[in-house]
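Thanks for making time this morning. I would like to walk you through one structure, so please have it open while I talk.

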Amino acid sequence: MSELRLNRATKEWIILATERAKRPHQFLAKSAKERLPAHDSACPFCPGNEKLTPPEVYALREKGSQPGKSSWRIRVVTNKYPALDPMKKMTKITGRFFRTASGVGKHEVIIETPQHNKSIATMSKRQVEETCLVYLRRYLILEKDRRFKLIIIFRNHGVTAGTSLRHPHSQVIALPLVPASVRHLLEEAMRYYDDHGSCVFCDMLEEELAAKKRVILKNEKFVAFHPFASRTPFETWIVPRKHDACFGNIAPDEVKSMAAVLKHILKKLHDKLGDPDYNLLIRTAPIKDAQEDYYHWYFQILPRLTTPAGFELGSGVYINTSLPEATARFIKK
Ligand SMILES: [Zn+2]
Ligand SMILES: [Zn+2]
């Protein structure tokens with residue numbers, strides 16, 4: 001038996017292939033990781049190696065300590081190999097058919113902790129809160145730059161998720177344009193809003209809370225669940241209960257609540273599946289759409305337990321071999 005399911009917010013169909021379904025615990029063995037030391041003298045993000053990174057853009061450090069010293073709790077630096085160039089002026093699109101634009105943008109790295117072998121799942125509560133606050137601070141700074149249209153905050157955990165440095169870090173990229181996939185997401189949300197008079201994400205929250213089957217955790221401000229049409233086994237969305245299109249509009253007291261849910265979810269994945277690789281994304285509206293009624297920002301966590309192959313590339317349809325109801329039950333147990 002196989003079933004197709006539609007994600008109402010993204011308008012993506014996924015195939016639930018229950019025939020070849022894996023039981024949730026079968027994902028465990030594949031993802032065991034090597035043990036890392038607390039400090040690695042060859043790591044450019046470890047304390048003592050500050051000179052190996054581009055200059056600091058921002059840091060949280062103990063009171064009275066000097067910049068450049070190793071007394072920081074979080075450091076933000078420009079990516080040494082940035083995908084985009086922060087020195088360029090406004091993007092100008094040229095070319096009649098073969099279009100190009102100057103690669104203006106910002107690419108920053110948030111080094112989340114001095115400890116080489118930690119991750120959000122194993123950091124202290126305070127470290128996770130401060131990391132989330134730094135996400136917000138960098139967002140609020142970058143959104144003021146008129147050259148940028150969209151800010152993506154993401155975290156790649158593990159080799160199959162695309163990380164090249166094991167030291168815990170997140171990345172921020174400010175883009176000079178809104179890519180087609182984000183525009184598509186917004187257009188679908190707008191269409192739903194026109195048809196139903198409500199936000200598709202608010203409706204999804206309500207439906208998931210009523211269905212109860214896929215909700216992992218809820219607190220006063222956030223709800224975490226495995227979406228009805230999950231793309232991958234254990235895909236998790238963390239959605240704020242308060243309707244808001246833009247992550248940058250979050251209040252500092254909401255950040256604490258967000259950090260608690262994020263840590264809880266990633267710790268559950270870590271403990272139950274043996275620290276799997278994953279990508280974490282903040283899906284927020286383009287800067288100019290920050291006050292819109294039809295979009296709603298959220299966290300998307302995509303564990304790398306399966307590899308998208310030719311079919312996914314050719315069709316854009318993901319085959320998920322696990323029922324989100326089953327993975328939700330497993331993770332909550
Ligand atoms: Zn390190
Ligand atoms: Zn909403």
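By contact I mean heavy atoms within 4.5 Å. This is a predicted model, in which local features need pLDDT of at least 70 and side-chain atom pairs count only at pLDDT 80 or more, while totals for chains, interfaces and linings use all residues. Residues are numbered from 1 along each chain as its sequence is written, chains are lettered from A and ligands numbered from 1 in the order written, and side-chain values use heavy atoms, with hydrogens and water left out.

With that in hand, Leu262, leaving aside neighbours within four places in sequence, is in contact with Ile120, Cys132, Ile238, Leu280, Phe299 and Ile301. Leu262 is also among the residues with the most contacts inside the largest nonpolar core, which has 51 residues; such a core is a set of buried Ala, Val, Leu, Ile, Met, Phe, Trp, Tyr and Cys residues joined through side-chain atoms within 4.5 Å, where buried means under 20% relative accessible area, exposed over 50%, and partly exposed in between, with a 1.4 Å probe and protein chains only. A second, separate core of 28 residues includes Ile173, Ala189, Phe225 and Trp237.

Now to the metal: which residues are the protein donors of the zinc ion, ligand 2? They are Cys199 (SG), Cys202 (SG), His243 (ND1) and His296 (ND1), lying 2.0 to 2.3 Å from the zinc ion, and a donor here is an N, O or S atom within 2.8 Å of the metal (3.2 Å for Na, K and Ca). Along the chain, these donors follow the spacing C-x2-C-x40-H-x52-H. Cys202 is partly exposed, with a relative accessible area of 25%, whereas His296 is buried, at 0%.
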